[in-house]
Each structure stands twice: as C-alpha cells, then as structure tokens.
Amino acid sequence: MTRTVYVNGEYLPETEAKISIFDRGFLMADAVYEVTSVLDGKLIDFEGHAVRLERSLNELDMRSPCSKDELLAIHRELVAVNEIDEGLVYLQVTRGSDGDRDFAFPDPDTTAPSLVLFTQNKPGLANSPASQKGAKIISIDDIRWGRRDIKTVQLLYPSMGKMMAKAAGADDAWMVQDGYVTEGTSNNAYFVKGNTIVTRPLSNDILHGITRKAVLRMAEEAQMTIEERLFTVDEAKDADEAFTTSASAFVMPVIAIDDVTLGDGTPGPIAKRLREIYLDESRKAAI
Ligand code: PDD
C-alpha cells in the first residue's frame, strides 16, 4: 500500500508530494516538528503536542499554518487512510519558501509556512522487543544550541549521538553539559534510587517532553517520589534502575550506562510499572 502523506492542503501518495528546494526547513533547518504516537488507531496526547507546537512556533515568530481542529482532522485522516493501528504521526512546520536563499526571515504576509505530515506504521510498538530487553546507553557531550525547549528539526547532533552509540555497541546516548545529564538524543532521562525517581528540571536546556509530563503525573498518582534536580552520569550509573520517556518509545527501561550494568541488567520494576501505567492510561485517554 502506498503511503498517503499531507503537504500544504493536499493528501497525496508519498511519491507525488513536493516541497520547494528553497524551503527554509531544507536550507536553514528553520522548522519545528512534533511526533504523536498512535495506539489502537487513536492519537496519544494530541492536545499536549498541539500546545507545544504552538509554543515552538511562537518562540520563533512563525505563524501557525492552521487551527488545532484542522490539525487534529489531518492527523485523523492520515491515520485512517494509512490504516495505522500502532505507529506515529510526524508533523513539520517550516517558515516556507520565498523562492530564494536569504538568512533574513521572509515577510510572513507574503510567505506562508509549509505544513507536512506523514505516518509511520509500527505494528507491535507498545510491546516492542527493545522495551522488553531495555536499552544500553553511552554518555556524550551535549554540544547542541541553547534553546532545546523549542522542538526544531536541527537533529544532526542527536543523529551523530545515535551513531556514536551504535559504534560503541549501545542503543542510545545521554548528553552531558557542565557535568550534568541534560537528556537523551530523542528522549528525557531518569534514574531511580530506592523509591525516588530523579530527572532534570524543565529549562531551555531540555525539551519539555509531553510523555515526561504524563509519566511524572502518573508516578505521583502511584505514590512514587519524584525529585526534579540536576544529576551526574556517575549518580545514574550507581542507580537501581534508569529509563527514558518519549512519544516514540513511551517508557524505555535503561539497563546499562557506559558499560556499567544497572541492577541485574534487566528492565527495573519501576520502569516496567510506569510503562504499563502509561500505556494503560494513554489508551484510555486517546482520541
Ligand atoms: N523526540 N528530548 C528530545 C531531545 C526529544 O527529541 C524528544 C522527542 C523528547 C521526548 O519528548 P516527547 O515525550 O514529547 O516525545 C525529549 C521525538 C519522539 C523524535 O524526535 O522522534
């Protein structure tokens, strides 16, 4: 089945979808994105992703390409026509194209933003073998720009981080700035010591994860203790367990950091419990 994608008002087969070579998303990474997961053919936390998209656009003085209701309708149409039961919807808004290359932003009255959405079919996402095995993590320097709270498409360094992990025989990397873990290449980072879950507080240094917000709320409801504070890689290596959160992998247990095995080297009980609770609650609230 050919995938149907959405580009600037049109639903098209992926092979017919086109964006200008002058589009600022392509030339300047002048674009923001969202990834929303799909379970049972329904969207997980669409509201949270739509609100964060609006914030990212505002922070970059970019106009919204359409209303929240229109965005929801496009998400739903793509999930339906592509028959997605479990998977992801990727959305990207760029500052558009004024037909040339210029560092200065084009006039938003004459240059409209570009809007692109496509689905990724991932049968078995909720029960992935990776989540049952847990992830091995390496630590790397965080050399990204200073506004990581804005979800821009500047993903070269996170991609390099994933490649460094792969080269080291690991699954992913946590980034470290001034001695403290910021976040994973595409997820938020946590460790567990005793009954306490530790994660970095929100600031411009990390993405304000939609999954993070939901998981912390659910952890609190389950009477778990949460400490939002800076932490070092050494603290995490000395932990009972660790995990990451993201829309694409939900709650992912971490079983080793820089070759130090956590616990018995299998997913820890708190990460497993939080994954269960998150999947359960998210399925119930999905739209
Ligand atoms: N990544 N931190 C970074 C750097 C991320 O790229 C992401 C998400 C997160 C988690 O945010 P959320 O819970 O809202 O997905 C944290 C997405 C999934 C991606 O790039 O594919």
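Leaving aside neighbours within four places in sequence, which residues is Asp100 in contact with? They are Phe22 and Leu27, where contact means heavy atoms within 4.5 Å. Asp100 is found in the loop between strand S5 (87-94) and strand S6 (114-121). Helices (H or I, at least four residues) and strands (E, at least two) are DSSP runs, numbered from the N terminus. Asp100 and Leu27 are 73 residues apart along the chain, and their C-alpha atoms are separated by 9.9 Å.

This is a predicted model, in which local features need pLDDT of at least 70, side-chain atom pairs count only at pLDDT 80 or more, and totals for chains, interfaces and linings use all residues. Residues are numbered from 1 along each chain as its sequence is written, and side-chain values use heavy atoms, with hydrogens and water left out.

## Domains and their interface

The protein chain is divided into domain 1 (4-121) and domain 2 (129-285). These bounds come from an automatic or database domain assignment. Taken over C-alpha atoms, the domain centres are separated by 26 Å. At the interface, 22 residues of domain 1 are in contact with 20 residues of domain 2.

The two domains bury about 1,900 Å² between them. Of this area, 61% is on carbon and sulfur atoms. Tyr33, Leu39 and Arg52 supply 31% of the area that domain 1 buries against domain 2, more than any other three residues. Buried area is the accessible area (1.4 Å probe) that two parts lose on being put together, summed over both.

Three salt bridges are found across the interface of domain 1 and domain 2. The rule asks for a side-chain nitrogen of Lys or Arg within 4 Å of a carboxyl oxygen of Asp or Glu. Arg55 forms a salt bridge with Asp149. Their closest N and O atoms are 2.9 Å apart.

## Pockets and cavities

Both kinds of space are found on a 1 Å grid over the protein atoms alone. A cavity is a set of points where a 1.4 Å probe fits but cannot get out. A pocket is an open set with protein on both sides within 12 Å along at least five of seven lines. Lining residues have an atom within 4 Å of a point. Grid points are joined across faces, edges and corners, and a volume is the space filled by probe spheres set on the points.

| Space | Volume |
|---|---|
| Largest pocket | About 1,200 Å³ |
| Second largest pocket | About 500 Å³ |
| Largest cavity | About 40 Å³ |
| Second largest cavity | About 30 Å³ |

Start with the largest pocket. Of the 50 residues that line it, the closest to its centre are Lys162, Thr185, Ser186, Asn187 and Ser248. Helix H5 (residues 156-167) gives the largest share of this lining, five residues. The lining divides into 19 nonpolar, 19 polar and 12 charged residues. Here Ala, Val, Leu, Ile, Met, Phe, Trp, Tyr, Cys and Pro count as nonpolar, Asp, Glu, Lys and Arg as charged, and the others, Gly among them, as polar. Both domains give residues to the lining of the largest pocket, so this pocket lies between them.

The second largest pocket also lies between domain 1 and domain 2, because both give residues to its lining. Of its 24 lining residues, the closest to its centre are Asp45, Gly48, Ile210, Lys213 and Ala214. H2, helix H6 (210-221) and helix H8 (269-285) are the elements that give two or more residues to this lining.

Next come the cavities. The count is two of 30 Å³ or more. The largest cavity is lined by Glu34, Thr36, Phe46, His49, Ala50, Leu53, Leu71, His75 and Leu91. Strand S3 (31-39), helix H2 (46-59) and helix H3 (68-81) are the elements that give two or more residues to that lining. H2 gives the most, with four residues. Five of the lining residues are nonpolar, three polar and one charged.

Ser37, Ile44, Asp45, His49, Ile210, Thr211, Ala247 and Tyr278 line the second largest cavity. They divide into four nonpolar, three polar and one charged. Domain 1 and domain 2 both give residues to this lining, so the second largest cavity lies between them.
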